[in-house]
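Please keep the sequence and the model at hand while reading.

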Amino acid sequence: MTFTDYAKHDGLALADLVARQEVSPAELVEAAIAAIERHDPALNAVVLRQFEAARTRAAKPKALPEGPFRGVPTLLKDLGFAEEGVPSGGGSRALQGVVATADSLVVARSRAAGLIFCGRTNTPESGLCATTEPLVHGPCGNPWDTGRTPGGSSGGAAAAVACAMVPLASASDGGGSIRIPAACCGLFGLKPSRHRVSAAPRGESWNGLAVVHAVTRSVRDSAALLDATAGPAPGDPSAAPAPAQPYLEEVSRPPGSLRIAVTAQSFYEQPVAADCLAALADAAALCEALGHQVEEAAPAYDKPALRQAYFTLLAANQAADQRELAALLGREPGPDDLEPWTRRMIAIGAEHSGPQVLAAIRTLHREGRKIGQFHERYDVLLTPTLAQPPIPIGQLDMSIDDEALYTARSTAFSPFTRLANCTGQPAMSLPLYWSAAGLPIGVMFTGRYGEEGLLLSLAGQLEQARPWFHRNPPIFG
């Protein structure tokens, strides 16, 4: 299979070729390996190559599960997606060489869907940055402009999918880490509802702020993977409401006429670049042309209180993670183990008391209910995904330990995405617009809690009206 043939199919289409015996899983794995070797030297997206393990699994097609992605190659994010017997470094110097002792449930379910793991992707340390520039592996580039960021923290995953190394790759999102790289790389990125995909066996990350799923080139791949991985595990503390029908079926179901609120007001009240405002206006006009009711509106809530609550929980979780890391290493991690911003977050988190953390959780619940009331009137909220186009590598990284400076740079780039992490709502970034400079500019749709189906129905409609799969980054050559 040539790269051109391989790259023109999404994951479900490749699985269909396997089912019809027009191509073998081994051929798909070789195509993925060739694509990684072709593009990764310019991108640094893949930090661990599992080529021989992938070849071994693909060589026994009868042993592959009869899942929706049977025989399709993929990549796992090197953070939060534990695979038994495989090192998982989490973008940190401290964790290099630490081997996972068991699969995380989402990895086991992904394998059961027929996916073949070919490697692991670049990520910033602990997923704490909106770019992907860890000291341990070096920066990851964007296929649309290798001097710019692919976003973070799932930047390696997005860069790999955008240049068709694989049709889909695992990703996670605690403050925008699925949607930010999707926007930067011209992909579809859905952040599911809180508790939609079980975090077993470790438990929910960042008090439920973070969730796991994927970045994909097509909407239907995202839906089919969510069908395969969603659902609680025995003993989970909570579960999102069960969907009315399979998510894959929602993609082709007309969404009807939705009430869509549109705003450029952000969680951090930052100015928005002209390209991002143009993308927002274009998406609003497209939705209106498709028969949706679009009007200017924004939810009212206590932004400073919610911002502080988010930061409190994020920092406190870093302090808790540091204790686990010290136990794992048998010593306190030092400057040669952790990056400056990580150490700064740990120090801030250690200063927070138990009552402060509980107050932050209560703030999330209180303000989330206000936004839930807003969605009684509106089905969907439309905003930019980011306030700026993909920024140059080096503009934002974790070498900064100044809280004010890091926060200013981070929120100037990504002031919209964290709100859905606070509320637990599903949100998705779509690549409906490209700038005059040829860069993808994402727009974000946020839905009611538990209503991924409605978002996927809308996404399928928008994908059909404004296709993007044919758009190839310059790195294709």
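R259 stands opposite Q293 in strand 8, and strand 7 (residues 259–262) pairs with strand 8 (residues 293–296) in the parallel sense over four bridges, where pairing requires that DSSP finds at least two bridges between the strands. From strand 7 the chain passes through helix 10 (residues 274–289) to strand 8 in a right-handed β-α-β crossover, that is, clockwise from the first strand over the helix to the second with the strands pointing away from the viewer. Helices (H or I, at least four residues) and strands (E, at least two) are DSSP runs, numbered from the N terminus.

This is a predicted model, in which local features need pLDDT of at least 70 and side-chain atom pairs count only at pLDDT 80 or more, while totals for chains, interfaces and linings use all residues. Residues are numbered from 1 along each chain as its sequence is written, and side-chain values use heavy atoms, with hydrogens and water left out.

Two helix pairs follow, with axes fitted as lines to C-alpha atoms over the stretch in contact and angles running from 0 to 180 degrees between N-to-C directions.

| Helix pair | Axes | Angle |
|---|---|---|
| Helix 3 (residues 25–43) and helix 4 (residues 51–58) | within 8 Å | roughly 160 degrees |
| Helix 11 (residues 303–329) and helix 13 (residues 354–377) | 9 Å apart | about 135 degrees |

Helix 3 and helix 4 are therefore roughly antiparallel, a term for angles over 145 degrees. Among the residues in contact (heavy atoms within 4.5 Å), P25, A26 and V29 belong to helix 3, and F51 and A54 to helix 4.

Note on methods: Angles under 35 degrees count as roughly parallel, over 145 as roughly antiparallel, 65 to 115 as roughly perpendicular and the rest as oblique.
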